[in-house]
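My notes follow the display.

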Amino acid sequence: MVSFTSVLKDTFLPIAPPKVKPSDQEQNYELSSVFVNKNDQFDYVKPIDNPGAVIGNTSGQKEELFHTDNYSLSDASTLVTQTQRRLKNRHVQLIGISGVIGTALFVSISNGLVKGPAFLLIGFALWCIPILCITVSTAEMVCYLPINSPFVRLAGRCCDDALEFMAGWNFWFLECVQIPFEIVSVNTVIHYWRDDYSPVITLVIQVALYFIISIVTVKVYGETEFWLAIGKIILAVGLMFFTFITMVGGNPKHDAFGFRHWRDPGPFNTYLSTGSLGYFQAFVAVLSQASFTIAGPDYLSMVAGETVLPRSSTLPRAFKQIFYRLTFLFLGGCLCVGILVAYDDPDLTAAINNSRPGAGSSPYVIAMDHLHIKVLPHIVNGALVVAAFSAGNAYTYCSSRTLYGLALDGKAPFIFAYCNKAGVPILAVLVSLVWSLLSFLQLNNNSAVVLNWIINMITASQLINFSVMCLTFIFFHKAVKAQGLDRDSFTFKSWFQPYTAIFGLISAFTMIWVGGYKVFLKGNWNVEQFLFSYIAVFIDIALYIFWKILKRPAWKKPEEVDLVSGLKEIEDHERDYYQMLEETKKTSPEKTKVQKVWSSVLGVLVGKD
């Protein structure tokens with residue numbers, strides 16, 4: 001029987017990652033083919049040389065081989081990773097969605113609606129095009145080499161170590177700052193019901209839950225996000241059904257209002273100015289909001305190093321589906337709120353100006369109040385608690401894995417590469433969660449301003465992250481071409497490259513500067529607003545220059561880019577996992593009817609594990 005002391009030791013005792021000596025054999029490793037062929041048969045071609053530098057499992061226990069041998073050599077490091085591949089297809093499919101869908105889809109969308117329902121829909125739809133380009137470009141790289149913190153570390157491999165340093169710390173800062181923001185959001189949402197309690201209670205509970213979920217095995221995180229994501233998807237789809245039913249007359253007023261609000265007051269509104277300039281500024285404001293709201297490939301990429309069958313199955317399927325699902329949810333939400341509430345609705349304007357808590361600022365709840373629907377607003381508010389909590393949970397995971405990846409490559413202190421026995425980088429988790437303490441600034445009105453400042457300062461970080469992804473792919477594509485690799489053999493091949501990535505890069509880079517354009521208008525200059533909009537850009541430039549001066553890394557030539565290190569671990573894992581599945585089929589008892597039904601439902605919704 002396992003003692004409580006041993007559980008504490010396994011959970012909280014950090015273990016230094018093993019080190020290996022560099023070996024010339026690693027560079028002679030011939031890429032093997034670990035792909036699924038047209039007949040869905042697993043095909044594995046054994047490499048001609050055995051790279052002796054890679055440490056294998058010596059325990060003799062076969063099951064451990066499938067779960068704990070996640071060893072990956074970095075071109076800039078001799079550390080061996082300790083994270084464990086336990087996230088299955090259903091986890092990964094919904095983690096990518098869960099990290100993106102927070103309260104923005106249900107509440108903050110009001111800020112775009114006041115510019116006009118047509119501008120809201122068109123702005124979000126147009127931004128989905130660059131997001132598609134960024135997603136498929138990132139997918140090709142990550143599916144080829146699904147290591148820990150892949151898009152960050154590939155920036156170092158394909159471009160420049162200084163770029164990896166900048167990109168990693170930029171993404172870590174972006175994720176960490178959003179943790180206290182979501183913690184405060186949960187407390188604010190609860191205020192929709194009551195505020196006669198100390199906010200310390202909810203803040204402490206939420207931080208504790210994030211900590212517990214993060215320090216146990218990654219599978220617990222996967223299961224948590226799987227169910228939380230299902231709740232958010234049910235809410236989003238349920239509100240679409242609510243919109244359709246009420247617009248055709250299925251409401252207490254029996255008012256079939258249809259697209260009334262698109263006719264009166266109309267589909268477009270002005271912003272900041274009148275006339276054509278006002279309409280243009282309204283469109284730009286919505287497009288800017290969309291660029292900070294819609295994400296996806298970065299969150300999905302971060303699970304690559306802890307995913308089962310990442311190359312041949314799980315990640316290619318997830319990347320192919322995440323864009324369409326997020327597009328459906330966001331565009332469906334934009335259409336629905338434009339149908340339900342007019343852009344000049346007094347309650348909508350008051351909710352935004354007065355920052356009503358929780359569901360009180362949601363266009364859906366405003367519509368429910370207009371239609372005299374009593375119970376649904378409370379259900380929506382409860383779902384918003386889940387949405388905000390889940391988003392904060394995803395940020396905790398991504399921030400800790402980013403710091404872990406930086407430590408593996410020597411871009412962060414070595415100690416953050418330490419993992420506990422469950423394969424969780426516990427010290428990276430703890431440091432990332434320290435940011436959650438900023439949520440306590442909300443206890444003081446003056447201090448709350450500081451938190452809002454920090455949130456505003458990272459608005460450009462997401463777009464910088466997208467720009468780095470596309471830039472990395474452009475040089476990844478050059479390296480693949482220079483080294484004679486056949487992209488047709490990749491498990492995910494994106495279209496019209498490198499022009500797709502170039503378009504994504506131009507779009508993201510342009511929106512970095514468009515986001516704060518108002519400060520440059522005549523009479524609008526404000527130093528504080530300028531810093532909020534662009535300080536992340538200057539910080540990232542400083543980070544890049546700092547590492548460039550400190551280490552003096554050279555920009556990688558396409559012929560010199562390391563496209564090999566880490567592949568053997570992944571291919572060995574996939575070969576052995578498929579063998580395990582075949583053996584399991586022979587020995588496993590037949591599934592019950594309930595298990596068969598559940599497997600069928602999962603297969604339809606997210607695909608089989």
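I looked up the pair α10 (residues 218-247) and α14 (residues 310-340): their axes come within 10 Å and cross at roughly 35 degrees. Axes are lines fitted to C-alpha atoms, for helices over the stretch in contact, with angles from 0 to 180 degrees between N-to-C directions; helices are DSSP runs (H or I, at least four residues) numbered from the N terminus. I noted the crossing of α10 and α14 as left-handed, that is, the near helix is turned anticlockwise from the far one by less than a right angle.

I listed the residues that meet: among them are Ala-236, Leu-239 and Phe-242 in α10, and Phe-328, Gly-332 and Cys-336 in α14. By class, this contact has 11 nonpolar, four polar and no charged residues, with Gly counted as polar and Cys as nonpolar.

The model is predicted: local features need pLDDT of at least 70 and side-chain atom pairs 80 or more, while totals for chains, interfaces and linings use all residues. Residues are numbered from 1 along each chain as its sequence is written, and side-chain values use heavy atoms, without hydrogens and water.

Of its 151 residues, Phe-106 and Phe-476 touch the most other members. Helix α17 (residues 376-408) gives the most to this core, with 15 residues. Beyond four places in sequence, Phe-106 is in contact (heavy atoms within 4.5 Å) with residues including Ala-236, Leu-239 and Leu-384.

Note on methods
Helix = DSSP H or I, 4+ residues; strand = E, 2+ residues; numbered from the N terminus. Core = buried A, V, L, I, M, F, W, Y, C linked by side-chain atoms within 4.5 Å. Buried < 20%, exposed > 50% of the residue type's maximum accessible area, 1.4 Å probe, protein only.
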